[in-house]
Amino acid sequence: MIEFVGLSIVLLIPFVYLFLAVFAVQRSAFGVTQAAREAGRAFATSQSETAGLERARLAAQLAFTDQGIDGAPEVRFAPQGADCGAGNPGDGAATLEPGARFVVCVRAHVDLPGVGAVAGGLADVTVNGQFTVVIDAYRADRRETQ
């Protein structure tokens with residue numbers, strides 16, 4: 001009986017921690033994917049590029065809040081075909097020109113449960129989400145002129 005209790009504690013605690021860590025990373029992966037999609041849709045349906053950037057960042061923040069992710073999302077607009085997992089996928093590709101295509105990249109850092117207090121950010125995981133935005137070809141040109 002003592003061996004059973006001892007082994008179950010020794011094996012159960014790491015098993016539960018593994019599940020908590022996997023669920024935290026998976027929740028964040030769902031959150032960044034949802035945030036990228038919502039940010040892309042918010043930008044594509046806006047009336048101007050300036051308003052679109054604000055709407056995209058707000059939509060990404062709402063998606064993070066919906067998934068229970070703390071912190072602000074890192075939202076970037078990269079050229080089509082860019083790798084959002086790269087260190088710098090690019091920025092500034094957002095345009096409302098009819099027929100334009102670009103990628104919305106959202107990045108978040110996930111702190112593993114219980115490790116933040118001990119390691120201080122050494123054991124965080126970075127998750128990336130991306131969504132390809134296609135501006136309708138037959139929509140009015142809503143670009144801002146300089």
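## Stop 1: the salt-bridge network

Select glutamate 74, which is partly exposed because its relative accessible area is 30%. Keep in mind that this is a predicted model.

Glutamate 74 and arginine 76 form a salt bridge, and their closest N and O atoms are 3.7 Å apart. Arginine 76 has a relative accessible area of 23%, so arginine 76 is partly exposed.

Is arginine 107 buried or exposed? Arginine 107 is buried, because its relative accessible area is 14%, and buried means under 20%.

Show the three side chains together. Glu74, Arg76 and Arg107 are linked in a network of salt bridges.

## Stop 2: a salt bridge between arginine 37 and glutamate 38

How many salt bridges does the count come to? The count comes to three. One of them is formed by arginine 37 and glutamate 38.

Colour the two by accessibility. Arginine 37 is partly exposed, because its relative accessible area is 39%. Glutamate 38 has 27%, so glutamate 38 is partly exposed as well.

## Stop 3: the disulfide

Select cysteine 84 and cysteine 105. A disulfide joins them, with an S to S distance of 1.9 Å. The structure's disulfide count comes to one. Check the torsion: the angle about the S-S bond is -65°, and the link is left-handed.

What does this link tie together? Cysteine 84 lies in the loop between strand S1 (74-79) and S2, and cysteine 105 lies in strand S2, so the pair ties together parts that are 21 residues apart in sequence.

## Stop 4: threonine 95

Stay in the loop between S1 and S2 and select threonine 95. Threonine 95 is buried, because its relative accessible area is 17%.

Which partners does its side chain reach? One is glutamate 49: a polar contact of 3.3 Å joins the side chains of threonine 95 and glutamate 49. Another is glutamate 97, whose backbone nitrogen lies 3.3 Å from the threonine 95 side chain.

## Stop 5: the phenylalanines of helix H1

Turn to the aromatic rings. The structure holds five aromatic pairs. Select phenylalanine 15 and phenylalanine 19. Their ring centres are 4.7 Å apart and their planes are at 85°, so the pair is edge-to-face. Both residues lie in helix H1, four residues apart, which is about one turn of the helix.

Compare their accessibility values. Phenylalanine 15 is partly exposed, because its relative accessibility is 45%. Phenylalanine 19 is at 39%, so phenylalanine 19 counts as partly exposed.

Next, select phenylalanine 43 and phenylalanine 102. The centres of these rings are 5.6 Å apart and the planes are at 85°, so this pair is edge-to-face. The pair links distant parts of the chain: phenylalanine 43 is in helix H1 and phenylalanine 102 is in strand S2 (residues 101-111), 59 residues apart.

Phenylalanine 102 is at 0% relative accessibility, so phenylalanine 102 counts as buried.

Ring pairs link Phe15, Phe19 and Phe23 into a cluster.

## Stop 6: the nonpolar patch

Keep the cluster selected and widen the view. Phe15, Phe19 and Phe23 are among the residues of a nonpolar surface patch of about 760 Å². Where is leucine 12? Leucine 12 is in helix H1 (residues 2-44).

Key
Residues numbered from 1 in each chain as written. Predicted model: local features only at pLDDT ≥ 70, side-chain atom pairs only at ≥ 80, totals over all residues. Heavy atoms only, no water. Patch = residues over 30% accessible without salt bridge, like charges linked within 9 Å, V, L, I, M, F, W, Y side chains within 5 Å. Areas by Shrake-Rupley, 256 points an atom, 1.4 Å probe, with all protein chains shown as cover. Salt bridge = Lys/Arg side-chain N within 4 Å of Asp/Glu carboxyl O. Helix = DSSP H or I, 4+ residues; strand = E, 2+ residues; numbered from the N terminus. Phe/Tyr/Trp six-rings, centres within 6.5 Å; stacked < 30°, edge-to-face > 60°. Buried < 20%, exposed > 50% of the residue type's maximum accessible area, 1.4 Å probe, protein only. Disulfide = S-S within 2.5 Å. Polar contact = N/O pair within 3.5 Å; in protein donor to acceptor, adjacent residues only side chain to side chain.
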